[in-house]
Amino acid sequence: MDSLSYKTVPATPATIDKEWVVVDATDQVLGRLCAKVAKILRGKYKANYTPYMDCGDNVIIINADKVRMTGKKFTDRVYLRYTGYPGGQRETTPEVLMLKSQKSSFKPGKHPLFMKVVKGMLPKNRLGARLLGNLYVYNGESFPQTDLNPKKIDINKLK
């Protein structure tokens, strides 16, 4: 038996096929939804997954305003950030981030709550920053990427 025929071939930029997928966040738990979205962004559901390559899909999350959190996490959980100045530790809650996303001055497609949660589930390097750029989150049902013909997937069917 030839053992060379069983070599695993890593993905290359020529062999990667990126798709656009739409995920509906209505009545989904935030953390569980974002964990599955992070795996889709990473490409872990694909057979040609390579850890150091961007082989995941582009993900569009719709109805982000209808996501839920269990318990009292929506008001009691605290997210910390640091400005870089002395005494510059700032804290915020998911409730405040959700209200911030509904302002008209906020950049569409970049929901602060989802970006914060998914960013924590991606690698902490340049690859993670590039993968986060493949995520688009919208509060309503409509999104501007309809011309790319994204396929709608049921997030509950994924493990």
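Helices here (H or I, at least four residues) and strands (E, at least two) are DSSP runs, numbered from the N terminus. This is a predicted model, in which local features need pLDDT of at least 70 and side-chain atom pairs count only at pLDDT 80 or more, while totals for chains, interfaces and linings use all residues. Residues are numbered from 1 along each chain as its sequence is written, and side-chain values use heavy atoms, with hydrogens and water left out.

How far apart are the end C-alpha atoms of α1? They are 18 Å apart, which agrees with the 18 Å that its 13 residues should span at 1.5 Å a residue; the expected span is 1.5 Å times one less than the number of residues.

Next, look at what is hidden. Buried means under 20% relative accessible area, exposed over 50%, and partly exposed in between (1.4 Å probe, protein chains only). Helix α4 is mostly covered, with 6 of its 8 residues buried.

| Helix | Buried residues | Cover includes |
|---|---|---|
| α1 (30-42) | L30, L33, C34, K36, V37, A38, I40, L41, R42 | β1, β2, α4, α5, β5 |
| α4 (112-119) | P112, L113, F114, M115, V117, V118 | α1, β2, β3, α3, α5, β5 |

Two packed helices are described by the angle between their axes and the distance between the axes. For α1 and α4, the angle is about 65° and the axes are 9 Å apart. Such axes are lines fitted to C-alpha atoms, for helices over the stretch in contact, and angles run from 0 to 180 degrees between N-to-C directions. Which residues meet here? From α1 come L30, L33, C34 and L41, and from α4 come L113, F114, V117 and V118. The residues of this contact divide into 8 nonpolar, no polar and no charged. Here Ala, Val, Leu, Ile, Met, Phe, Trp, Tyr, Cys and Pro count as nonpolar, Asp, Glu, Lys and Arg as charged, and the others, Gly among them, as polar.

Now for the sheet. It is open, with 4 strands in the order β5-β2-β1-β6 and parallel pairing; two strands pair if DSSP finds at least two bridges between them. The edge strands, β5 and β6, each pair on one side only. Helix α1 packs on this sheet, touching β1, β2 and β5, and its direction makes about 155° with that of β2.

Methods:
Contact means heavy atoms within 4.5 Å.
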